[in-house]
Amino acid sequence: MQKKTCLLILFLITNSLFSQSNFYRDTSVNVTENNMQFKNAWAGGINSAQFNEIDLDLDGTMDLVVFDKSGNKLIPYLNKNGKFIFAPDYRNLFPVHKDGEDLHDWVIFADYNCDGKNDIYTYSSGGFAIFKNTSTTSLSFSLVDTLVRSDYGGPIPLNIFISAVDIPAISDIDYDGDLDVLTFKINGGFIEYHKNLAMETTGNCDTILFELSESCWGNFYEGLNNYTLNCLNCQCPPIINHPNAKQKHAGSTLLAIDVDNDNDKDIILGDISFSNLNLLINGGDSLNANMISVDSIFPANNLNTIPANMEIFPAAYYLDLTDDGIKDLIVTSNSENNSENFTSCWLFNNSGSNSNIDLNFYQNNFLQNDMIDLGSGSYPTFFDYNNDGLLDIVVGNYGYHQSGGNPRSSLALFENIGTLNNPSYKLIDRDWQNISNINLNTNLNIPALNLSPTFGDLDGDQDMDMLIGDANGKLHLFNNTGSNPPNFALAEAEYKGIDIGYFAFPQLVDVNRDGLLDIIIGEQSGTINYCENTGTATNPVFDTIIEYFGGIDIESNIISSGFSTPKLYDNNGSYELYIGSFTGETYLFDNIDNNLNGAFDSLSVLNTNEGGKSMIAIKDINNDQKPDLLIGNYSGGLSFYSSDSSIISNNIYADLTKLNIYPNPTNRHLTIDNTITGEIQIINTLGKTILIKNKTNKTTNIDLKSLKKGLYFIKLNDYISRFIIQ
């Protein structure tokens, strides 16, 4: 197949946006499976969860925040009478790092300054940062230290090394009232104990001052899921010269709690290559730890329950998840890839007390059973599969985890059982059309991975055929047999020899408006491919691939693997191009019609980040003549956004000259220069006011460092304008 490359220059953001729709998060659309309604259907799926508690709404009750390492996604839940209610608006109140990055890799909520409010510890450049909880009337945080250091005994303090792969233990190890840190040495094996000297130095917790107190805390050495005890003075003669002792630390998770109620901290430890948790019992005391035994099937031996078995890389968290005032144990996977992704939240209910633990296995899909979760990856498209005039949803995925083998990739079918104006969905098949058992990978004669579907009539018989992209960059055509509801038969694996490299995300759409279906294809590199149909409606020909379509290379300034997932949408006669991405941002482009060989205009980054490797489906599903968005992500869930134009109401004027804001776009600072005084509101695309400042002078400067890149609105009295943060 011939390829030609369009060498184009990607234009920067334009300054006209009022003709487009705004989108707001909508969790009201019902979804059921097996006659059970999902309580939090649109929460977005979970793969590699980290569980923390914090008071989100400042009502005195601890709420729940799940951080999914797979896509660096926060999932906030309000605790209302013991029920966890998905509350996505709280995401906007959490901080970003100094360099503008979201919280990533690992997040631990703990009260470092003893004010009763949990603060944030999070990974930062080979160590960790701390954000102070400064909430008064609403949740807020401020950066305390971007890289916490410790006295290693040298001339200057060094950052406390914590791998991005690990989970450290943040706990009061010596019971003196401040929080210490346990972390593996950079070359692995031994645990470093960084003692917090806040209480000893100042008499209160509100100080960050650490020293390396012990280089082999607990007198033990971790090998490959095995342990050598009695390593006094960091000497373990049987293994000190073992090759593993000199290798860089691979990955472990730590939880420090007092399991046996003897006033010292024991360790629950998970290893990157194994499925079990290990309980190390501390036979010393709070000042001199000494591990004396290892339980490799915890919590089965220690307590009357089953062992944890999380494939792979288990991590344990200890917090109250059953609303009885007693902390429970939840076990998850700390691996982003090749791990359990559908039943990856094992809850062990504590029927004892916080000081006398009695754990009992409760369920293996905590929270996941209350949301749409399709394993890893979710690639949605709208399709009226039963021709009833209502838009159904077909979702491909990367796959459900299979122990000891490749994931099982499949299509899920959600039937719209609602009405034209009020959609409601029923998940009726997680392996629709049995694609998971068809050997589309012709080289290895096995099923394909990472199925991304699109629909269109490719043979001119007036019904919709199905084209599926896969992880190998190939496309596969399934013909509609004409029945209702339809069945699809494989017509051509590796359709037309099209091969775009890796991770093909196709859309069938008439790009050049000549009445024939063309194909646009996103790919792992972040570019877009355009395959023009030069044949006929009954005999399509795709013999040319135009690479770098529109001059687009998504997130090339961030990462080489942009994972572009394009959807071309006809908005009142003009095409708009929505593109999901590796980071989860949604990019919007126009200037497409009559410009297929040119560079499209980048309009904005929508404020709709729902986790990494996102994909958009866009249609009007509630008959309000405005488009709605469905967003898939790498965690295997879905999020729904409805259109909303209420932010530009009749009594607000889009008068740019009145407000006189600059620079626009901006990287951080925004200046308002006019004679108007009053309350300034910064509003996101969900219609939520996220920053308020009082304007008393002619010129006012606003620091936007806490806001993500994207489109925002600024309102001053009866005037409103929009600006973009790059």
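This is a predicted model: local features need pLDDT of at least 70, side-chain atom pairs count only at pLDDT 80 or more; totals for chains, interfaces and linings use all residues.
I started with C114 and C205: the torsion about their S-S bond is -75°, which makes the link left-handed. Their sulfur atoms sit 2.0 Å apart, inside the cut-off for a disulfide (a pair of cysteine sulfur atoms within 2.5 Å). The link spans distant parts of the chain, 91 residues apart: C114 is in the loop between β9 (107-110) and β10 (119-124), and C205 in the loop between α1 (198-202) and β18 (210-214). For the element names, I'm using DSSP runs numbered from the N terminus: helices are H or I of at least four residues, strands are E of at least two.

Residues are numbered from 1 along each chain as its sequence is written, and side-chain values use heavy atoms, with hydrogens and water left out.

C114 is partly exposed at 40% relative accessible area, while C205 is buried at 5%.

How many disulfides does the structure hold? I count 3.

C216 and C234 make another disulfide, with sulfur atoms 2.2 Å apart. Their S-S torsion is about -95°, so this one is left-handed. Here too, distant parts of the chain are linked, 18 residues apart: C216 lies in the loop between β18 and β19 (221-222), C234 in the loop between β20 (227-228) and β21 (252-257). C216 is buried, at 6% relative accessible area.

Then I went to C231 and C236, joined S to S at 1.7 Å. Is that link left-handed or right-handed? The torsion is about 125°, so I have it down as right-handed. Both C231 and C236 are buried.

With the bonded cysteines numbered in sequence order, I get the pairing 1-2, 3-5, 4-6. I also checked two further cysteines for burial: C345 is buried at 0% relative accessible area, and C531 is buried at 1%.

On to the nonpolar cores, meaning sets of buried Ala, Val, Leu, Ile, Met, Phe, Trp, Tyr and Cys residues joined through side-chain atoms within 4.5 Å. The largest has 37 residues, and F51, L64, Y77, Y121 and F366 have the most contacts inside it. Strand β25 (residues 314-319) gives the largest share of this core, 3 residues. A second, separate core has 20 residues, including A41, F382, A412 and F414.

I followed up Y77. Leaving out residues up to four places away in sequence, Y77 touches, among others, N40, L56, D63, L64, F84, F86, L367 and M371; contact here is heavy atoms within 4.5 Å.

Last, a sheet. I find 6 strands in an open sheet with mixed pairing, in the order β4-β3-β32-β31-β30-β29. The edges are β4 (36-37) and β29 (379-383), each with a single partner strand, so one side of each is left without a neighbour in the sheet. Strand β3 (residues 31-33) runs antiparallel to β4 and is joined to it by 2 bridges, and two strands pair if DSSP finds at least two bridges between them. Which residue of β4 is the bridge partner of T32? I noted Q37.

Definitions and conventions. Buried means under 20% relative accessible area, exposed over 50%, partly exposed in between (1.4 Å probe, protein chains only).
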